[in-house]
Amino acid sequence: MSDKPHPAERSRELHQRALRVMPGGVNSNVRLLAPPVFFQSARGCRLVDVDGNHYIDYLLGQGPNFLGHAPPDVLDAVDDASRRGMVYGAQHSLEVEAAERMLAVIGWAEQVRFGVSGSESVQAALRLARAVTGRTRFIRFEGHYHGWFDNVLVRVEDGAAAPASEGQLVSHLDDSLLLPWNDLTAVEEMLATNDDIAAVIMEPVMLNAGSIEPVAGYLEGVRRACDRHGVLLIFDEVISGFRVAPGGAADRYGVTPDLATYGKAMAGGWPVSALVGPRSMMERFGTGAVNHSGTFNASVMACAATVATLRRLVDDPPHERISARGRRLMDGLVQLAADHSLDLHVQGLPMAFHAGFGDGPVLDYRSLRRLDAARYNEFTRVLIDHGVWVAGRGIWYLSAAHEEADIDETLERVAAAMKATVS
Ligand code: PMP
């Protein structure tokens with residue numbers, strides 16, 4: 001595959017058909033940025049496209065396939081459960097089991113509400129925070145993504161939040177205050193000078209833009225500042241949850257939020273999300289005082305997939321194995337880049353690291369923007385041509401299905417891609 005252009009006839013044909021019936025040929029705007037390759041199957045860490053080309057996958061569906069594609073235990077659980085009905089519009093035993101398992105893994109939370117997408121669980125969190133505090137605004141951070149709804153979708157321009165979409169209600173952005181992340185003083189000052197702030201929402205490890213860990217003392221400091229001002233701390237763990245540690249970033253960094261949202265890795269690829277928190281706050285949903293609804297919330301499939309995934313994560317935690325392999329891949333990329341005189345900067349957590357061209361370290365959104373994103377995006381096209389499927393924005397996700405041999409093969413393919421790039 002690496003020496004000659006691989007076949008793309010069927011993908012091209014499907015792309016033309018897709019363009020006629022779906023705007024941009026896609027169903028999520030994020031995918032407008034990816035090459036128009038159509039897939040026919042995936043298993044473990046391998047993807048096969050409709051022209052028969054094979055790829056080692058480091059996009060993993062943008063994160064959900066933490067156990068690898070099509071994990072047999074999750075598939076069996078979903079298949080078995082769904083044959084007895086998929087959606088009841090009423091309660092069922094699997095949702096209780098999913099809730100109990102989820103809370104047991106997370107540790108600090110007492111109740112959970114399931115949703116379908118991360119975007120909606122974030123909205124539920126913000127609404128609940130307003131109800132609990134009686135305040136309206138929230139603090140959020142440069143480079144953090146919290147879904148595509150009007151009040152959270154932003155483009156950062158010179159440190160200010162601008163709408164990122166036509167048709168977006170710009171006034172909804174007035175509800176949030178945008179700050180640079182990893183800067184405790186900025187949060188403390190903002191909280192000290194505004195008394196209408198309901199919540200601080202953040203990705204506790206910044207994974208949507210770069211792979212940037214909180215600096216020492218930052219999460220603890222924000223936690224203290226929130227407590228001092230009666231403000232709720234919301235961790236958006238839609239990517240970090242179950243991935244960076246069994247109990248997500250709260251577990252990894254030892255800081256407990258008031259509310260947290262999850263999605264992606266919690267259900268082996270099935271679309272499901274969750275909001276968790278203490279009973280004292282969550283019970284507002286239970287009394288009906290705060291509305292959170294959804295036809296497909298806690299569907300049989302979502303609960304079956306969640307139970308099977310969490311069972312695996314508890315019985316056979318893959319985190320250390322994934323970390324070791326991710327670290328080896330990171331080191332290998334750095335070495336190969338040096339061999340080819342490429343200024344590739346690789347950093348972050350080994351289960352979700354970031355690569356880009358330019359100088360590190362990347363400590364925040366501003367330093368991330370100094371990397372040459374266009375050049376890296378072009379390089380990812382070459383990687384894809386060499387059978388390594390990666391996101392153009394720099395994130396590399398690893399799964400429990402990436403074996404040592406897959407890392408070796410990836411490095412061989414990357415070496416060929418780099419050779420093709422520099423020659
Ligand atoms: N929060 C974070 C931190 C995310 O990474 C994402 C999705 N990438 C979302 C929220 C939105 O989740 P979804 O795409 O499932 O709506």
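A nonpolar core is a set of buried Ala, Val, Leu, Ile, Met, Phe, Trp, Tyr and Cys residues joined through C-beta atoms within 7 Å; a residue is buried if 20 or more other C-beta atoms, placed from the backbone, lie within 10 Å of its own. You are looking at a predicted model, where local features need pLDDT of at least 70, side-chain atom pairs count only at pLDDT 80 or more, and totals for chains, interfaces and linings use all residues. Residues are numbered from 1 along each chain as its sequence is written.

The largest nonpolar core has 122 residues, and Ala129, Val200, Ile234, Ala304 and Ala305 have the most contacts inside it. At least three residues of the core come from each of domain 1 and domain 2.

Those domains come from an automatic or database assignment:

| Domain | Residues |
|---|---|
| domain 1 | 9-66 + 318-422 |
| domain 2 | 72-315 |

Their centres, taken over C-alpha atoms, lie 26 Å apart. Where they meet, 20 residues of domain 1 are in contact (C-beta atoms, placed from the backbone, within 7 Å) with 22 residues of domain 2. Strand S13 (344-349), strand S14 (352-357) and helix H11 (365-369) each give two or more residues to the domain 1 side.

Finally, the ligand is surrounded by 15 residues, counted when the C-beta atom, placed from the backbone, lies within 6 Å of it. The closest are Ser117, Gly118, Ser119, Gly147 and Val238. Helix H4 (residues 118-133) supplies the largest share of this shell, three residues.

Methods. Helix = DSSP H or I, 4+ residues; strand = E, 2+ residues; numbered from the N terminus. Contact = placed C-beta atoms within 7 Å. Buried ≥ 20, exposed ≤ 12 C-beta atoms within 10 Å, placed from the backbone.
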